[in-house]
Amino acid sequence: MTNREMEEKVDTSDEWIVQRTGIRQRYIASEGETTASLGEAAARAALTNAGLTPADLDVIIVATSTPDNTFPATAVNIQNRLGMHHGAAFDVQAVCSGFIFAVTTADAYIRGGLAKRVLVIGAETFSRILDWNDRTTCVLFGDGAGAIILEGQEGNGTTADRGVLTTQLRSDGAHKEKLYVDGGPSTTGTVGHLRMEGREVFKHAVGMITDVIEAAFEATGTTADDLDWLVPHQANRRIIDGSAKKLGIPLEKVVVTVDLHGNTSAASIPLALNVAASDGRIKKGDLVLLEAMGGGFTWGSVLLRW
C-alpha cells in the first residue's frame, strides 16, 4: 500500500509521511493471511537458504505482538505447519524489540547446551490492530515476517568468531502509556487498537538506542569504526539517522528499508537483514549491529559476526 493509496483512506499526504518518517509504502496482509502463515513462509525460506529441514531444528522462537490466537503460541502453529513434531516452540513478546529479545533467548539456549539449532522468526500483522481512523498511527505500520537460523559452533572466544558476540536488553514499564494497545483478554476482553504518543516515543528513542549500542561496544572492546553494518529497527528514518549520527556511524553503513516496509515491529530487523544479505551488502565475516526499541518501553541490541 503506497502513501498515495493511504491518502484515499485518511486525511494525510505522501509528502507529510515521507518528510516525517521516510516511509513510502507498506505491505498489508490479505484476507486469509495471518501472522503464522507469514511466519511459515519466512521459516521455509530460511531453511531453504541454510540447506536445512525442520528435522534439523531443536527450537522455534517467534517474536510477535500480533499472534494468531491468545493461545496456543504462534510458534507452535508454525511448528505444526512445518511438520515438526519434536523440540519446543514458543513466542516472545517485546513489541518492536521482540526480534532482539528472541535472538538473545536463542543465543542463551545454544550457549547453555539446550539446543544446537534455533529458528528465530519475527512476524507481525499490525494492520489488524490499527485504528484506521487515526492518521497519526495507521500510516506508520505494515505487515511482514523474516527469519534467521542460529547454529552452535565452537569458536575461539574472540570478536573474530562468527555468530552472536554480545546482547544487551533493557525495559522500563513506566513508559507504557506512550505506546500500547488499548485492549486485551484480561482487561477489555477485546483485541484493542494501537495508541501512541509519537513525540514522546521520538524523544526517548535516540537516547535508549545509543545506550544499548554503546554497551555492546564496551562489552566487546569494539567501536563504531569496527562496524561494517548497522541494521536498526525500521520505525522512522529520522530516528535511524539521529542515532547513527550520535554514535558516529556513517549513514552509508546503515541498512534502511523503512521506505519499503514501514514499521513491521518485530519483523523489521529480519526483513532488513534479508534485503541487505540478498543484495550482497552484508557478507560473511562482516560485523553487524542490530538494535531496536519498542512499546513498554523495551530496547536492546545484538552485535554479531555474519
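1. Ground rules. Residues are numbered from 1 along each chain as its sequence is written, and side-chain values use heavy atoms, with hydrogens and water left out. Because the model is predicted, local features need pLDDT of at least 70 and side-chain atom pairs count only at pLDDT 80 or more, while totals for chains, interfaces and linings use all residues.

2. Largest pocket. A pocket here is an open set of points on a 1 Å grid over the protein atoms alone, where a 1.4 Å probe fits, with protein on both sides within 12 Å along at least five of seven lines. Its volume is the space filled by probe spheres set on the points, which are joined across faces, edges and corners. The largest pocket holds about 1600 Å³ of space. It is lined by 43 residues, and I149, L150, E151, R162 and G163 are the closest to its centre. Lining residues have an atom within 4 Å of a point.

3. What lines it. Elements are DSSP runs numbered from the N terminus: helices (H or I) of at least four residues, strands (E) of at least two. Those giving two or more residues to the lining of the largest pocket are the helices α3 (35-50), α5 (98-111) and α10 (268-278), and the strands β4 (143-151), β5 (163-171) and β10 (298-305). By type, the lining has 22 nonpolar, 13 polar and eight charged residues. Ala, Val, Leu, Ile, Met, Phe, Trp, Tyr, Cys and Pro count as nonpolar, Asp, Glu, Lys and Arg as charged, and the others, Gly among them, as polar.

4. Second largest pocket. This one holds about 900 Å³. Of its 35 lining residues, S65, P67, Q93, V181 and V191 are the closest to the centre. Strands β2 (88-92) and β6 (179-181) each give two or more residues. The largest share, three residues, comes from β6. The lining divides into 13 nonpolar, 17 polar and five charged residues.

5. UniProt, in an unreviewed entry, places "domain: Beta-ketoacyl-[acyl-carrier-protein] synthase III N-terminal" at residues 90-173. Its positions are given in the numbering used here, feature names are shortened, and annotations may be inferred rather than shown by experiment. Over residues 90-173 the chain is 21% helix and 36% strand. The end C-alpha atoms are 23 Å apart.

6. Strand β4. Strands pair if DSSP finds at least two bridges between them. Strand β3 (residues 117-125) pairs with β4 in the antiparallel sense over nine bridges. G122 stands opposite G146 in β4. Seven of the nine residues of β4 are buried, so the strand is largely enclosed by the rest of the structure. Buried means under 20% relative accessible area, exposed over 50%, and partly exposed in between (1.4 Å probe, protein chains only).

7. Salt bridges. The count is 14, taking a side-chain nitrogen of Lys or Arg within 4 Å of a carboxyl oxygen of Asp or Glu. R4, E7 and D14 form a linked network. E7 meets R4 at 3.0 Å, N to O. Both lie in helix α1 (residues 3-7), three residues apart. D14 meets R4 at 4.0 Å. D14 lies in helix α2 (residues 14-21) and R4 in helix α1, so this pair ties together parts ten residues apart in sequence. D14 is buried at 18% relative accessible area, E7 is partly exposed at 28%, and R4 is exposed at 52%.
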